[in-house]
Amino acid sequence: ALDVTIQAQILNEVRDLAREFGTALVWITHDMSVVANLAQTISVMYAGRIVESGPIDDVLDRPLHPYTRGLLDSVPHIGETRARLRQIPGMTPSLAHLPPGCAFAPRCNVRTTVCDTAPDLLERRPAQMARCHHPLSEEMAA
């Protein structure tokens, strides 16, 4: 919620400090534009668990998990001034009462009965992992 100029200055300073001291940087945010300009790798979390992880360009350009696709679809794009933003249906579950199986299943548009079992975080493409029984295909990810 910072002014864009101040935000850029802070991000540049943090990036410079990490470079200067040779440290990694863990950045937790809902702002995908910040992540796109700051990170080399990304992990997307839902209900306290990583649902997708990989190189920033791969995850943002070709997401595997339906939640990642939903996040990206909810961000306005330049030139689409009249397009309605897509929303992920439903509500985030309570962490105290997660549904059995995949926590995202009640909100997912590709859910099947196998989603009642917990999926593992598996490599689906080189260096790109997803915790999903039905990872998105190239056509669905775009």
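## Pockets, sheet and cysteines

The second largest pocket has a volume of about 270 Å³. This is a predicted model, in which local features need pLDDT of at least 70 and side-chain atom pairs count only at pLDDT 80 or more, while totals for chains, interfaces and linings use all residues. Residues are numbered from 1 along each chain as its sequence is written, and side-chain values use heavy atoms, with hydrogens and water left out.

A pocket is found on a 1 Å grid over the protein atoms alone: it is an open set of points where a 1.4 Å probe fits, with protein on both sides within 12 Å along at least five of seven lines, and its lining residues have an atom within 4 Å of a point. A volume is the space filled by probe spheres set on the points, which are joined across faces, edges and corners.

The second largest pocket is lined by 14 residues, and Pro-66, Arg-69, Gly-70, Asp-73 and Asn-109 lie nearest its centre. The element that gives the most to this lining is α4, with four residues. Helices (H or I, at least four residues) and strands (E, at least two) are DSSP runs, numbered from the N terminus.

The largest pocket has a volume of about 1,100 Å³. Its lining has 34 residues, and the closest to the centre are Trp-27, Ile-28, Thr-29, Val-35 and Ser-43. Two or more residues each come from α1 (4-21), α2 (32-38), β1 (41-46) and α4 (66-73). The largest share, six residues, is that of β1.

Strand β1 also belongs to an open sheet of four strands, in the order β1-β2-β4-β3 with antiparallel pairing. Two strands pair if DSSP finds at least two bridges between them. The edge strands, β1 and β3 (121-125), each pair on one side only. Strands β2 (residues 49-55) and β4 (residues 128-131) run antiparallel and are joined by two bridges. Glu-52 has Ala-130 in β4 as its bridge partner.

A search of the whole structure finds zero disulfides, a disulfide being a pair of cysteine sulfur atoms within 2.5 Å. Cys-102 is buried (under 20% relative accessible area), at 13%. For Cys-132, the closest cysteine sulfur is in Cys-108, 5.9 Å away, so it is too far for a bond. Cys-132 counts as buried too, at 7% relative accessibility.

Technical notes
Buried < 20%, exposed > 50% of the residue type's maximum accessible area, 1.4 Å probe, protein only.
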